Amino acid sequence: MTFDLLLEVKDLHTYFELEEGTLKAVNGLSFAIKKNRTLGIVGESGCGKSVTAQSIMRIIPRKNSRLRGQILLHHDSGAVDIAQLDEDGDQMRDLRGREIAMIFQEPMTAFSPVHTVGNQIMEALFVHGETDKRAARERTITLLDEVGIPAPERRIDDYPFQLSGGMRQRSMIAMAIILNPRLLIADEPTTALDVTIQAQILRLMKRLQRENGMAIMFITHDLGVIANMADDVAVMYLGKIVEYGAARQIFKDPKHPYTKGLMRSIPKFGATEGVHLATIKGTVPVPLDPPDACPFASRCSEFIPGRCDAAMPEAVTVAPGHSVNCVLYE
Amino acid sequence: MGETSLLEVRGLKKYFPIEKGLLRRVVGHVRAVDDVSLRIDKGKTLGLVGESGSGKTTLGRCVLRAVDLTDGEIVFHHDGLSTDLAQLTRREMREFRKHMQMIFQDPYSSLDPRKTVFDIVSEPLRINKVASGKALEDRVRTALEHVGLDLRYMKRYPHAFSGGQRQRIGIARALSINPQLIVCDEAVSALDVSVQAQILNLLKDLQEEFNLTYLFIAHDLSVVEHVSDDVAVMYVGKLVEQAPTDELFTRPRHPYTEALLSAIPRPDPDQPLPESGGIEGELPDPADPPSGCYFHPRCPYAQDICRAEAPPLLEVAPGHTAACHFSQELELQGLEN
């Protein structure tokens with residue numbers, strides 16, 4: 001099975017040292033991404049989804065932060081531990097874009113406002129060795145066409161502000177995939193878009209995955225989007241994965257009280273009028289010096305004193321490929 | 001007919017001038033809201049949906065007279081009187097502001113960071129000179145209790161609160177003056193799902209308790225379906241369909257509504273988005289809309305007449321209106337539960 005593995009994250013910790021204490025944004029995370037598959041990472045804001053992505057890309061500013069654990073990127077010839085690389089070094093720079101690329105929620109922040117979209121997309125080609133300007137331009141136009149931008153030969157010279165939100169997102173996808181990365185990390189790529197445009201972008205990503213055979217790590221808080229995109233799902237809470245399984249297992253048979261709570265709190269179509277939604281009490285706490293316990297203990301309706309707050313529950317396998325970190329299943 | 005309705009909007013238009021050059025010559029107009037009529041019954045919720053740029057927020061702001069309208073009537077029924085708010089001067093309008101409030105999307109920018117919770121929540125009461133001194137404090141306390149905020153927080157500043165709590169402060173502010181109508185503009189869009197459910201439940205409870213009427217503007221259709229009695233769909237400033245919620249979602253009569261429904265990602269891996277179909281393209285520029293039916297360039301059912309003539313909004317079933325030349329012929333797909 002190991003030859004199917006593309007990326008393996010083992011016991012990853014990303015801490016930020018703040019005046020108030022240690023912010024444990026990612027706190028002991030382990031998961032694997034397989035070739036040509038989509039791993040969905042779902043959770044509410046503040047659960048560490050984005051920091052996980054930024055840790056893999058090694059774009060977390062070193063100042064005040066600490067990274068511990070392994071991030072193994074597998075090749076036919078062996079594995080590279082990204083966590084050990086110098087984030088400004090040649091090897092990491094070479095890896096970014098060519099092996100792992102990333103797209104964000106707000107394309108306006110990914111693009112520089114003072115350069116044309118085309119030049120910014122092409123830049124990766126030049127950085128990674130392309131010298132023929134005309135060839136680079138041709139390649140970019142083809143790519144813009146591929147991601148569904150009408151009149152790409154004109155649009156290539158547009159500045160980001162001249163494009164609509166959907167077009168900007170398409171351009172960012174083009175920029176991310178121009179070097180055929182093996183892994184695309186998508187951090188809430190459709191959250192700022194209208195539902196119709198979101199559907200177009202999701203379809204585009206699926207098509208590109210089919211054609212290019214890349215793996216996708218899809219980060220979102222939207223359960224509907226995750227259900228559509230992910231083969232496997234990791235549910236994150238306060239820097240930890242609390243449940244992991246195939247999408248069907250997570251959606252049809254959620255085990256962790258947090259996963260169950262999330263599923264119940266989204267409005268369902270055709271549910272009887274006037275019915276209250278189930279809620280999870282309280283809000284996501286800030287993981288400042290969190291106790292070594294179940295991160296969900298303070299909000300859990302099935303909290304067991306003396307057990308849930310005593311230690312972090314181990315992962316329990318409840319079905320093949322489906323694991324949950326909860327004492328209820330121990 | 002008008003007995004139970006709280007608000008009737010008739011032929012509302014809001015055009016923004018497009019200015020050019022040093023002399024700011026008006027070279028055209030953006031028809032942000034273009035001849036919209038709708039009605040909200042007392043104690044009910046009207047959901048207003050559409051893509052960004054469709055004019056939903058502008059419509060909400062016109063209803064509150066937060067912006068001046070270009071044309072149309074906004075008839076507000078209260079105490080047995082019917083008043084056209086569009087005809088009122090700013091001074092006359094003040095009396096009615098007590099009855100209508102707004103809840104905003106972003107709980108981070110809609111609360112003044114330099115004011116305490118007490119100042120924020122009491123503001124409508126002070127401005128409208130409804131209460132002062134002890135009475136003012138009591139009203140604020142009651143409002144905070146209603147939204148489930150700890151009274152000890154009254155002297156704190158907004159930065160000390162989470163997004164959900166901030167939204168509760170915003171709701172308490174709207175509620176403090178006992179309004180009849182609350183315009184909720186993307187009121188839960190910025191919140192996490194578990195917190196969103198808490199706020200939706202709160203809005204529902206408050207509606208029952210105070211017989212509140214909501215104009216609920218949102219882009220999330222599953223949220224709109226959950227809270228609304230009726231739903232209106234806007235496209236480039238025009239109302240294209242309006243119906244009771246269940247009917248709109250199960251039996252849409254406008255291709256745009258069908259397209260919106262088909263684009264909703266369902267939280268079920270066995271109901272994926274369709275691999276093909278759906279609508280392509282984006283919302284047209286409202287400053288330069290297409291001819292005929294504004295939706296025709298994206299509509300899979302468009303015929304010659306759609307390019308030439310704008311379809312009128314007609315009743316297609318009791319309480320159900322749609323603006324499509326073929327709403328009677330087409331068998332459009334709704335959602336199955």
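Mentor: A salt bridge here is a side-chain nitrogen of Lys or Arg within 4 Å of a carboxyl oxygen of Asp or Glu. By that rule, this predicted model has 35 salt bridges over all chains. One of them joins the side chains of Arg10(B) and Glu73(B), with 2.9 Å from N to O. The pair links distant parts of the chain, as Arg10(B) belongs to strand β1 of chain B and Glu73(B) to strand β4 of chain B, 63 residues apart.

Strand β4 of chain B, residues 71-78, is the part to follow. Six of its eight residues are buried, so the strand is largely enclosed by the rest of the structure. Glu73(B) is partly exposed, with a relative accessible area of 32%. Its salt-bridge partner, Arg10(B), is also partly exposed, at 37%.

β1(B), residues 5-20, runs antiparallel to β4(B), and five bridges join the two. Within this pairing, Val9(B) has Ile74(B) as its bridge partner. In a regular strand, side chains alternate between the two faces of the sheet.

β4(B) also pairs with β5(B), residues 81-84, in the antiparallel sense over four bridges. In that pairing, His78(B) stands opposite Leu81(B). β4(B) and β5(B) form a hairpin with two residues between them. Asp79(B), in the turn, has a positive phi of about 55 degrees.

To sum up, β4(B) has antiparallel pairings with β1(B) and with β5(B), and a salt bridge joins its Glu73(B) to Arg10(B) of β1(B).

Definitions and conventions: Residues numbered from 1 in each chain as written. Chains lettered and ligands numbered in written order. Predicted model: local features only at pLDDT ≥ 70, side-chain atom pairs only at ≥ 80, totals over all residues. Heavy atoms only, no water. Buried < 20%, exposed > 50% of the residue type's maximum accessible area, 1.4 Å probe, protein only. Pairing = 2+ DSSP bridges.
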